[in-house]
Amino acid sequence: MMEDETFTDISGKAISLSCQDHSSLCKEFVVSVPKVSIGKVMVYTCCVWLLAYAVFFFTENTAVLSSAIFITLVGMMLHIHFVKVDHETLLFIGSLGIQLSSSYASGRETTTFIEMGKIKDIVINEAIYMHQIIYYLCVLLKDPSEPNAVACVVPLFQSSKPRLNCLVKVYKSCQEILSKC
């Protein structure tokens, strides 16, 4: 069963949550953000290049134009490859663990796996971000030396930053799987 819902991130931008039940102990959650806007990219590029042309007009130095073009192109490539995340995936398999994946606009993907034996709990935590309080979903990892302590906190959906109503939906499903294990 697959269901899609629309939510917003902490900035008020639309994001979508796709939930897929593979079995009672295996669920997949995909948070997708809108693709890169070509219009926005063109506006930023034109502004930088017009500013460079204005500087060139007064200085008559062609290095200014060349530098502006080079910096803009390199900056866009770096942004698309390292910053702009298209979707983040949480695959929770009750008997194995949690797989976290991020897919970038350039096609690059990063994947992390957390074994079930290392997971203490999944919680919704709050933090101060800029000058507001935000909520984020995180995995608490067990401390091997002390069973009741938390060794590490692994935040989920770091790039998409969904709001609390979206996080609660994922949290309840994850707790349902944890209670069965």
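The UniProt annotation "transmembrane region", from an unreviewed entry, covers residues 41–58 and 64–83. The model shown here is predicted. In it, residues 41–58 are 100% helix and 0% strand. Residues 64–83 are likewise 100% helix and 0% strand.

**The annotated spans**

- The end C-alpha atoms of residues 41–58 are 26 Å apart.
- For residues 64–83, the end C-alpha atoms also lie 26 Å apart.
- These positions come from the UniProt record, while the helix content is computed from the model.

- Helix H1 runs over residues 38–59.
- H1 has 22 residues, so at 1.5 Å a residue it should span 32 Å. Its end C-alpha atoms are 31 Å apart, which agrees.
- Helix H2 runs over residues 62–83.
- After H1 comes Glu 60, whose phi is positive, near 55°.
- Asn 61 caps the N-terminal end of H2. A side-chain oxygen of Asn 61 lies 3.1 Å from the backbone nitrogen of Ala 63.

**A closer look at Thr 45**

- Thr 45 lies in H1.
- Is Thr 45 buried or exposed? Its relative accessibility is 12%, so Thr 45 counts as buried. The cut-off for buried is under 20%.
- The side chain of Thr 45 reaches back to the backbone oxygen of Val 41, at 2.7 Å.
- An α-helix has 3.6 residues a turn, so residues three or four places apart point the same way.
- Which residues does Thr 45 contact, leaving aside its neighbours within four places in sequence? They are Thr 72 and Met 76.

**The whole chain**

- The protein chain has three helices and nine strands.
- From the N terminus on, the order of elements is β-β-β-α-α-β-β-β-β-β-β-α.
- The radius of gyration is 21 Å, well over the 16 Å that the globule rule gives for 181 residues, so the chain is more spread out than a compact globule.
- The C-alpha atoms fill a box of roughly 70 × 40 × 30 Å, taken along the principal axes.
- Of the 181 residues, 31% count as buried.
- The chain exposes about 11,100 Å², and carbon and sulfur atoms supply 62% of that area.
- Among contacts with a separation of 6 or more, 44% join residues 24 or more positions apart.

**The loop between S9 and H3**

- Strand S9 covers residues 150–155. Helix H3 covers residues 164–180.
- Phe 157 lies in the loop between S9 and H3. Its phi is near 55°, a positive value in a residue other than glycine.
- Phe 157 has 7% relative accessibility, so this residue counts as buried.
- Lys 161 is in the loop between S9 and H3. Its phi is positive, near 45°, and this residue is not a glycine either.
- At 27% relative accessibility, Lys 161 counts as partly exposed. That class lies between the buried cut-off of 20% and the exposed cut-off of 50%.

**Lys 172 in H3**

- Lys 172 has its place in H3.
- With 56% relative accessibility, Lys 172 counts as exposed.
- How far apart in space are Lys 172 and Val 74? They are 42 Å apart, C-alpha to C-alpha, and 98 residues apart in sequence.

Key:
Residues numbered from 1 in each chain as written. Predicted model: local features only at pLDDT ≥ 70, side-chain atom pairs only at ≥ 80, totals over all residues. Heavy atoms only, no water. Helix = DSSP H or I, 4+ residues; strand = E, 2+ residues; numbered from the N terminus. Expected span 1.5 Å × (residues − 1). Polar contact = N/O pair within 3.5 Å; in protein donor to acceptor, adjacent residues only side chain to side chain. Rg over C-alpha atoms; globule rule 2.2 N^0.38 Å. Buried < 20%, exposed > 50% of the residue type's maximum accessible area, 1.4 Å probe, protein only. Contact = heavy atoms within 4.5 Å. Areas by Shrake-Rupley, 256 points an atom, 1.4 Å probe, with all protein chains shown as cover. UniProt positions renumbered as here; feature names shortened; annotations may be inferred.
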